[in-house]
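Please keep the sequence and the model side by side as you read this note. The points below go through some contacts and then a sheet.

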Amino acid sequence: MLNYNTTIKQDKTYLDLEMKEIKPIMKLIIRGRTKEFITAIEKNLNMLLPTKANTSTSSETLTAFWLSPDEWMLISNKTISEDTNTYKVEDDLINNISKTNLGAITDVSDQFVMINIKGSKVFDLLSAGSPFNFNEFRSRKGSVTQTILSHIDVIIHLTEINDVNLLVRRSFSEHLYSWLNDSASRL
């Protein structure tokens with residue numbers, strides 16, 4: 001059984017800015033290169049993987065982030081039960097991808113914390129700690145970037161205008177959330 005102990009103490013709301021941890025969310029890393037791999041993934045997920053850098057694709061239940069030419073992160077769009085660490089999607093992909101040597105599937109659900117940040121000051125907050133230029137990013141729904149935020153590696157996904165999901169390694173999540181709260185209080 002997974003232990004989803006919260007590293008983030010509480011949800012925070014500031015003027016025009018709201019932050020909260022979204023949990024538990026299934027997170028898988030998918031790796032592969034061949035045409036057979038892509039075909040098998042798309043058949044199993046019933047969705048196309050993004051093929052352009054810094055993009056994502058979504059279905060009703062899943063979202064895939066392009067991380068590199070042969071790597072994607074797949075997340076569930078809704079929270080899942082905390083009582084289990086078995087995911088039908090993962091089992092299907094392992095049986096049809098990993099066991100057939102087409103690619104690799106790795107469950108990173110416990111490795112990453114997902115923080116949702118929304119409000120009119122989202123990009124003011126992110127720009128305060130990141131060298132990434134958010135000018136084009138902020139207007140393209142579904143954009144994804146891997147960048148540094150307060151000296152911490154993060155993945156940022158624009159779900160809606162002024163609404164992002166930020167994925168950070170669990171070991172850095174408490175520090176990052178503390179920085180986010182401190183920085184948000186000064187905007």
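1. Start with Glu160 and Lys141. Their side chains form a salt bridge, with the closest N and O atoms 3.0 Å apart. This pair links distant parts of the chain, 19 residues apart. Glu160 belongs to strand E10 (residues 152–160). Lys141 sits in the loop between helix H3 (122–127) and strand E9 (144–149). Bear in mind that this is a predicted model.

2. Are these two partners buried or exposed? Glu160 is partly exposed, because its relative accessible area is 40%, which falls between the limits of 20% and 50%. Lys141 reaches 58% relative accessibility, so this residue counts as exposed.

3. Next, look at Glu136 and Arg140. They too form a salt bridge, and here the closest N and O atoms are 3.8 Å apart. Glu136 has 57% relative accessibility and therefore counts as exposed. Arg140 has a relative accessible area of 42%, so Arg140 is partly exposed.

4. Now turn to Arg31 and Glu71. Their side chains meet in a salt bridge at 3.8 Å, N to O. Arg31 lies in strand E3 and Glu71 in strand E6, so the pair ties together parts that are 40 residues apart in sequence. Arg31 is partly exposed at 36% relative accessibility. Glu71, at 19%, counts as buried. Why buried? The cut-off is under 20%, so 19% qualifies.

5. Which residues join Arg31 and Glu71 in a network? Arg33 and Asp70 do: salt bridges that share partners connect these four residues. The count of salt bridges comes to seven.

6. Step back to the sheet. Five strands form an open sheet, in the order E4-E5-E6-E3-E7, with antiparallel pairing. Strand E4 (56–58) and strand E7 (104–107) stand at the edges. Each has a single partner strand, so one side of each is left without a neighbour in the sheet. On average, neighbouring strands are turned by 20° against each other, direction ignored.

7. Strand E3 (residues 27–31) and E7 pair in the antiparallel sense over four bridges. Which residue of E7 is the bridge partner of Leu28? It is Asp107.

8. Finally, find helix H2 (residues 88–98). H2 packs on the sheet. The helix touches E3, strand E5 (62–68), strand E6 (71–76) and E7. The direction of H2 makes about 155° with that of E7.

Notes:
Residues are numbered from 1 along each chain as its sequence is written. This is a predicted model: local features need pLDDT of at least 70, side-chain atom pairs count only at pLDDT 80 or more; totals for chains, interfaces and linings use all residues. Side-chain values use heavy atoms; hydrogens and water are left out. Two strands pair if DSSP finds at least two bridges between them. Helices (H or I, at least four residues) and strands (E, at least two) are DSSP runs, numbered from the N terminus. Axes are lines fitted to C-alpha atoms, for helices over the stretch in contact, and angles run from 0 to 180 degrees between N-to-C directions. Contact means heavy atoms within 4.5 Å. Buried means under 20% relative accessible area, exposed over 50%, partly exposed in between (1.4 Å probe, protein chains only).
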